[in-house]
Amino acid sequence: MDSKELFSRTSPIKLFFIASIPGAVSMLASALYQTIDGVFVGRFLGQTAFAALNLAMPFVIINFALADLIGVGSSVPISIRLGRKQDAEANNIFTCACLMIVGTGVLIGGLLFAAAPLLIRLMGAQGEFAALAVQYLQVYALCSPLTTIVFAMDNFLRICGMIRGSMFLNILMSVLSAVLEFLFLGVFRWGIWAAALATCTGMFLAAFLALIPFFRGKAQLRFCRPRFSAAMIRQIVSCGSPNFLNNIAGRITSILMNFILVRLGGEMAVSVYGILMYADGFIQPLLYGMCDSLQPAVGFNWGAGKFSRVRAIERCCFTASGIVSVLAVFVILLFPGQITSLFMADASSEFMRTAVGALRLFGLTYITRWFSFATQSYMLAIEKPLPASVISVSTALLFPVLLVGALWPLGLTGIWLNFAGTAVLAAVLSGIILLKLRPQLSRPDLQ
C-alpha cells in the first residue's frame with residue numbers, strides 16, 4: 001500500500017495494528033538481541049566481563065546518539081513535507097541526513113576510540129575490569145562509520161510505507177548478531193571484543209540491505225543532489241533534540257549511577273544495575289516501537305491539517321503503551337529470581353538477594369512511565385521539540401539526579417527506587433504540558 005494512502009485513509013485502529021505491531025516486533029527483536037548479548041557475555045565470559053559491558057554501554061549509546069539525532073530529526077520534517085506534497089524537499093532532507101550521519105560516525109567514532117582508556121579510568125575501573133570495558137568500547141568506535149546509519153534507515157523505511165520490510169530487517173540484524181556472538185564466544189572462545197564485533201557486523205549488513213531500495217529508486221524517498229542549508233540543519237537538530245538529549249542525558253545518568261555503584265557495591269552493584277537496564281531494554285523498545293512507528297503517520301496528518309485523525313491515532317498509542325506497561329509491572333514483580341538467573345546462572349545468594357530486591361523496586365517504574373513516553377513521542381511527531389525536550393531531559397537526567405540526592409540515605413535501595421520516583425515526576429510533568437497545549441492539540445481540521 002502507498003504510504004500516503006496508508007497514512008491518510010486507513011482507519012486509526014487498523015493503522016495502529018498495521019504500523020505499530022511490526023514496529024513493536026522489530027524493537028522486540030532488537031531488545032531480545034541486547035538481552036542475549038548480556039546473557040552470552042555473562043555466561044561465557046563471567047561476572048567481570050558482564051560488569052565491564054555495562055560500564056562501557058553508556059558510552060556505546062553516546063556513540064550512536066548523533067546519528068539518532070539526525071535520523072529522528074530528519075524523519076519528522078520529511079513526513080510533514082510528504083503530507084504537504086513537497087516531495088523534492090523531502091528527498092533533499094533525506095539525502096543530506098544520510099551524508100551527515102556517515103560524517104558524524106567518522107568524527108565521533110574516532111574521538112571515542114582515542115578517549116576510551118581515559119573515560120573508563122575516570123569511572124573508577126581498574127585492572128581486568130577496565131581493560132575489558134575499553135576493548136568493548138573501542139570495537140564499536142572503530143565500526144561507527146559503517147553502523148550508525150542503520151537506526152536512521154529504520155525510520156526512512158517506515159516513512160516509505162515499508163513497515164514489514166523494516167521489521168524483517170531488524171529481525172535479521174538481531175538474528176545475525178546473536179548467531180555471530182554465539183559463534184565468536186561459545187565456539188571460538190574469543191574475548192569481549194568479539195561480542196561487540198558480532199553486533200557491529202549485524203548492523204553493517206542490515207544497513208547495507210536497507211539502502212538497496214533507495215539506491216535502486218524503488219522507495220518513495222530518493223537520493224538526489226544534496227542542497228544543504230542552515231535552516232534545514234537547524235530544523236533537523238531541533239526535531240531530533242528530544243531523542244538526542246534523552247540519549248545523552250540518560251547516558252550521563254548511567255555514568256553517574258555506575259560511578260556511585262562502583263564505590264557503593266563494586267562489580268556486584270554494577271552487575272545488578274546492568275540487569276535492571278536489560279529489563280528496561282526489553283520493555284522500553286516495545287513502547288518505542290509502538291509510538292515511533294506511528295510518528296510518520298502522525299506527522300503526515302499534522303502536515304495535511306487532519307488534526308482529528310492525529311488525536312485518534314494518539315489515543316491508540318497512549319492506550320497500548322499503558323497496557324504494555326502494566327503487563328511489564330506484573331512480569332517483573334512475579335519473576336525477579338528467574339530474570340536474575342537468566343544473566344547469572346551461578347549467582348551467589350548475596351547477589352541473588354540484592355538483584356531480586358532491586359527488580360521488585362524497579363518494576364514499579366512502569367506504573368506511570370508509559371504516560372511520559374507516549375507524550376514525548378506525540379510532541380516530537382507534531383514538531384513541538386521544546387516540550388518533548390523538556391520531558392526528555394527531565395526524565396533522563398534532571399529528576400534522577402535530584403532523586404539521587406533525596407534518596408541518598410537509603411544507599412543502594414535509593415538507587416533502585418530512583419527509577420520509579422523519576423517515572424512519577426515525569427508523568428506529572430507530561431500531564432501539565434498536555435494541559436497547556438490543549439488549545440493547539442484540540443483545534444478542528446483544516447479541510
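Buried means under 20% relative accessible area, exposed means over 50%, and partly exposed is in between (1.4 Å probe, protein chains only). This is a predicted model, where local features need pLDDT of at least 70, side-chain atom pairs count only at pLDDT 80 or more, and totals for chains, interfaces and linings use all residues. Residues are numbered from 1 along each chain as its sequence is written, and side-chain values use heavy atoms, with hydrogens and water left out.

**Exercise 1. Find the salt bridges and say how accessible each partner is.**

Step 1: Set the rule. A salt bridge is a side-chain nitrogen of Lys or Arg within 4 Å of a carboxyl oxygen of Asp or Glu. Side chains of opposite charge can pair when their charged atoms come close.

Step 2: Count. The structure holds 2 salt bridges.

Step 3: Take Arg158. Arg158 pairs with Asp154, with the closest N and O atoms 2.5 Å apart. Both sit in helix H6 (residues 149–159), 4 residues apart, or about one turn of the helix. Helices here are DSSP runs (H or I, at least four residues), numbered from the N terminus. Arg158 is buried, with a relative accessible area of 5%, and Asp154 is buried too, at 9%.

Step 4: Take Glu89. Its partner is Arg81, and the closest N and O atoms are 3.2 Å apart. Glu89 is partly exposed at 39%, whereas Arg81 is buried at 11%.

**Exercise 2. Describe helix H10 from its span to its end.**

Step 1: Check the span. H10 (residues 266–303) has 38 residues and reaches 51 Å from first C-alpha to last, close to the 56 Å expected at 1.5 Å a residue. That expected span is 1.5 Å times one less than the number of residues.

Step 2: Check the surroundings. In H10, 32 of the 38 residues are buried, so the helix is largely enclosed by the rest of the structure.

Step 3: H10 is followed by Gly305, whose phi is positive, near 80°.

Notes
Helix = DSSP H or I, 4+ residues; strand = E, 2+ residues; numbered from the N terminus.
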